[in-house]
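Open the model in your viewer and keep the selection panel to hand. The tour goes from one stop to the next.

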Amino acid sequence: MSNQKKRNFQIEAFKHRVVVDPKYAEKTWKILEHAIHEIYNHNASGLSFEELYRNAYNMVLHKFGEKLYSGLVTTMTAHLKEISKSIEAAQGDLFLEELNRKWNDHNKALQMIRDILMYMDRTYIPNSRKTPVYELGLNLWRDNIIHSGKIQSRLLSTLLELVHRERTGEVIDRGLMRNTIKMLMDLGSSVYQDDFEKPFLEVSAEFYKVESQKFIECCDCGDYLKKAEIRLNEEIERIAHYLDVKSEAKITNVVEKEMIANHMTRLVHMENSGLVNMLLDDKYEDLGRMYNLFKRVPNGLSMIRDVMTSHLRETGKQLVTDAESSKDPVEFVQRLLDERDKYDKIICQAFSNAKTFQNALNSSFEYFINLNSRSPEFISLFVDDKLRKGLKGVSEEDVEIILDKVMMLFRYLQEKDVFEKYYKQHLAKRLLSGKTVSDDAERSLIVKLKTECGYQFTSKLEGMFTDMKTSQDTMQGFYANHPELAEGPTLVVQVLTTGSWPTQPTITCNLPTEMAALCEKFRSHYLGTHTGRRLSWQTNMGTADIKATFGKGQKHELNVSTYQMCVLMLFNNADRLSYKEIEQATEIPASDLKRCLQSMACVKGKNVLRKEPMSKDIGTDDAFFVNDKFTSKFYKVKIGTVVAQKESEPEKLETRQRVEEDRKPQIEAAIVRIMKSRRVLDHNNVIAEVTKQLQSRFLANPTEIKKRIESLIEREFLERDSDDRKLYRYLA
């Protein structure tokens with residue numbers, strides 16, 4: 001390393017002053033001023049931009065930036081004043097063309113001038129905080145041209161006139177409009193807004209106010225909405241073609257307010273064509289248009305939803321309270337399903353499947369389906385009809401669709417336990433009569449009910465299927481142990497577990513001797529293989545196939561009930577029997593016997609018996625004998641029993657009482673569960689909690705809850721607080 005000392009270099013200023021020609025600045029400016037004139041006069045081709053740039057550079061370098069800047073302002077202003085006169089002089093449609101042409105010229109000139117004065121733009125202007133050359137040129141154009149007294153108002157009225165002409169169907173020069181609007185935007189957002197946008201929006205509001213008033217007086221709702229949609233799309237298109245994109249929200253707001261929001265109520269309630277008529281006539285396109293337009297305005301969709309809800313509730317109420325439709329349960333439920341399908345399709349196709357409309361639909365159905373206390377029974381009867389015969393030949397997918405629709409109605413029921421009661425009765429009849437179309441469909445519905453309401457709801461229903469399967473095995477075992485029974489009558493027994501099946505009164509009837517002996521053999525076999533069980537025959541639920549030979553040797557196989565079999569077998573030993581003799585011999589209850597005889601003697605095509613005197617009803621003095629002239633084109637003839645499909649009033653009352661009785665332990669269990677976890681709770685909260693817990697099965701009656709609380713207090717599960725009588729305490 002060298003130990004030489006480091007030397008510091010220093011650059012010193014010139015010792016002598018540089019003398020600048022006093023007229024230098026003036027001479028140089030004259031050259032630049034001449035160049036600016038030439039540029040504006042389209043003679044720039046002969047200029048040396050390099051030399052001009054150097055001159056401008058030297059002026060700024062020698063501290064003549066101010067002179068250069070102020071000279072530029074003065075020169076450009078003078079040119080713009082001349083341009084202004086030229087634009088003002090343009091007549092008619094040439095006005096915008098002239099303005100546009102001069103604007104393009106000014107822009108080109110401005111770019112050249114900016115290039116020449118680039119050094120001033122970079123150094124002098126930032127330091128002295130002045131406006132850059134290009135921006136200065138725009139500001140001068142704005143002040144001297146756009147804001148000149150004679151041009152400003154004329155420009156605005158010309159632009160608004162062109163928009164108006166386009167709105168009324170004329171074709172305008174959109175390119176010219178686009179360039180003019182772009183010029184205003186280039187001059188700054190405030191220029192565009194103040195000199196065009198605000199007046200444009202005001203004029204548009206007035207235009208659409210007048211037009212909407214005219215349309216609403218002469219159009220129906222659907223046509224009006226079409227016109228509103230067209231206008232809205234036109235404005236959006238206009239934005240795309242020549243207006244500022246930021247104006248879109250503003251102008252669409254104007255159209256929405258004037259054409260939709262201000263006439264919303266009148267449109268929705270318009271006579272013969274409003275929302276209700278669209279719903280009635282399934283006008284999906286019009287409804288979709290209304291939805292799309294109304295969602296653009298505040299409270300638009302809520303208005304559609306509210307009107308739809310009130311209409312749906314009204315029609316639903318009429319449907320479920322109509323005495324005629326209640327006569328046919330299957331038709332009653334079908335109409336509910338059709339109504340649901342109709343609105344599902346409307347909401348899906350026209351209302352974008354919006355959740356708010358789905359919720360409105362669900363709440364409406366829940367409201368009116370529970371207005372008819374027989375809805376649970378009717379839904380069960382509908383299922384019964386479908387699973388008996390209505391689903392024959394229907395594909396699995398379609399079966400699932402029907403079952404899903406039934407489940408949808410089931411969800412709306414407040415008294416699900418009433419449905420369960422009826423469903424159980426109907427299922428029992430289907431299984432015992434072998435009339436179910438499809439075991440798979442039956443099981444599928446039970447799975448759906450289980451998913452919806454839990455295991456408790458369907459455990460007994462599943463037990464019924466188990467009994468049917470076990471009975472088959474039992475019968476195979478019975479005949480395997482008694483091969484001698486292969487000849488003679490065949491017995492098929494279904495052994496039903498008492499708790500799983502609907503409770504039936506045990507009605508005894510005198511079976512024919514051949515059958516009585518066979519039944520006794522089965523009893524001995526069953527009780528021999530199962531200990532601790534008791535069998536009671538439910539003859540009122542059985543069926544029989546018997547072979548009969550009529551007058552001219554005609555043979556038929558008759559499918560009858562057990563009661564009908566007991567009656568018919570009597571005629572093997574007698575030609576003629578009175579009602580009282582039949583009653584005495586069979587011991588069938590009077591009401592059942594009358595129905596049984598009526599179905600065999602009074603139904604055309606099934607009248608295997610004749611009676612005297614001939615009448616539609618059975619009397620205690622009637623006499624019966626075999627109809628020798630009975631004919632049928634079928635070998636197998638099914639003779640049904642005359643039954644009412646729906647329950648009679650006493651039966652309905654009995655079912656209701658059974659339901660009420662079944663509810664009591666459920667309410668008590670809920671009260672105990674709640675009190676066990678809360679220990680202390682006031683009366684109102686107990687009622688609210690119990691109602692909430694049980695609502696998946698039924699709507700608990702507060703009076704009944706109160707009675708159950710009293711019962712639990714008596715049985716010392718709960719006690720009242722000594723100070724506050726409305727407070728309950730749980731007793732462990």
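Is the crossing of H1 and H3 left-handed or right-handed? Before turning the view, note that this is a predicted model.

**Stop 1: H1 and H3**

Select residues 24-40 for helix H1 and residues 65-89 for helix H3. Look along the pair: the crossing is right-handed. The axes come within 10 Å and cross at roughly 30°. With angles under 35 degrees counted as roughly parallel, H1 and H3 are therefore roughly parallel to each other.

Now show side chains. From H1, pick Ala 25, Glu 26, Trp 29, Leu 32, Glu 33, Ile 36, His 37 and Tyr 40. They meet Lys 67, Leu 68, Gly 71, Leu 72, Thr 75, Met 76, His 79 and Ile 83 in H3. Colour this contact by class: nine residues are nonpolar, four polar and three charged.

**Stop 2**

Step back to Lys 63, in the loop between helix H2 (49-61) and H3. Its phi is positive, about 65°, although Lys 63 is not a glycine.

**Stop 2: H4 and H7**

Select helix H4 (residues 94-116) and helix H7 (residues 133-146). Their axes lie 9 Å apart, and the packing angle is about 150°. Angles over 145 degrees count as roughly antiparallel, so that is the relation of H4 to H7. The crossing of H4 and H7 is right-handed.

Which residues make the contact? On H4, select Leu 99, Lys 102, Trp 103, His 106, Asn 107, Leu 110, Gln 111, Ile 113 and Arg 114. By class, the contact of H4 with H7 has 10 nonpolar, four polar and two charged residues.

**Stop 3: H4 and H9**

Keep H4 and bring in helix H9, residues 174-186. The axes of H4 and H9 come within 10 Å and cross at roughly 50°. The two helices are therefore oblique to each other. Check the hand: the crossing of H4 and H9 is left-handed.

For the contact, select Leu 96, Glu 97, Leu 99, Asn 100 and Trp 103 in H4. Across from them, select Leu 176, Asn 179, Thr 180, Met 183 and Asp 186 in H9. The classes are five nonpolar, three polar and two charged residues.

**Stop 4: Arg 238**

Go to helix H11 (residues 221-242) and pick Arg 238. Leave aside neighbours within four places in sequence, and Arg 238 is in contact with Val 163, Glu 166, Arg 167 and Leu 243.

**Stop 5: H21**

Select residues 416-433 for helix H21. Its 18 residues reach 26 Å from first C-alpha to last, close to the 26 Å expected. Of the 18 residues of H21, 15 are buried, so the helix is largely enclosed by the rest of the structure. Just after H21, find Gly 434, which takes a positive phi of about 65°.

**Stop 6: Glu 716**

Finish in the loop between helix H30 (702-714) and strand S8 (718-720), at Glu 716. Glu 716 is a residue other than glycine with a positive phi, near 60°. At 60% relative accessibility, Glu 716 counts as exposed.

How values were computed
Residues are numbered from 1 along each chain as its sequence is written. This is a predicted model: local features need pLDDT of at least 70, side-chain atom pairs count only at pLDDT 80 or more; totals for chains, interfaces and linings use all residues. Side-chain values use heavy atoms; hydrogens and water are left out. Axes are lines fitted to C-alpha atoms, for helices over the stretch in contact, and angles run from 0 to 180 degrees between N-to-C directions. Helices (H or I, at least four residues) and strands (E, at least two) are DSSP runs, numbered from the N terminus. Angles under 35 degrees count as roughly parallel, over 145 as roughly antiparallel, 65 to 115 as roughly perpendicular and the rest as oblique. A crossing is left-handed if the near helix is turned anticlockwise from the far one by less than a right angle, and right-handed if clockwise. Contact means heavy atoms within 4.5 Å. Ala, Val, Leu, Ile, Met, Phe, Trp, Tyr, Cys and Pro count as nonpolar, Asp, Glu, Lys and Arg as charged, and the others, Gly among them, as polar. The expected span of a helix is 1.5 Å times one less than its number of residues. Buried means under 20% relative accessible area, exposed over 50%, partly exposed in between (1.4 Å probe, protein chains only).
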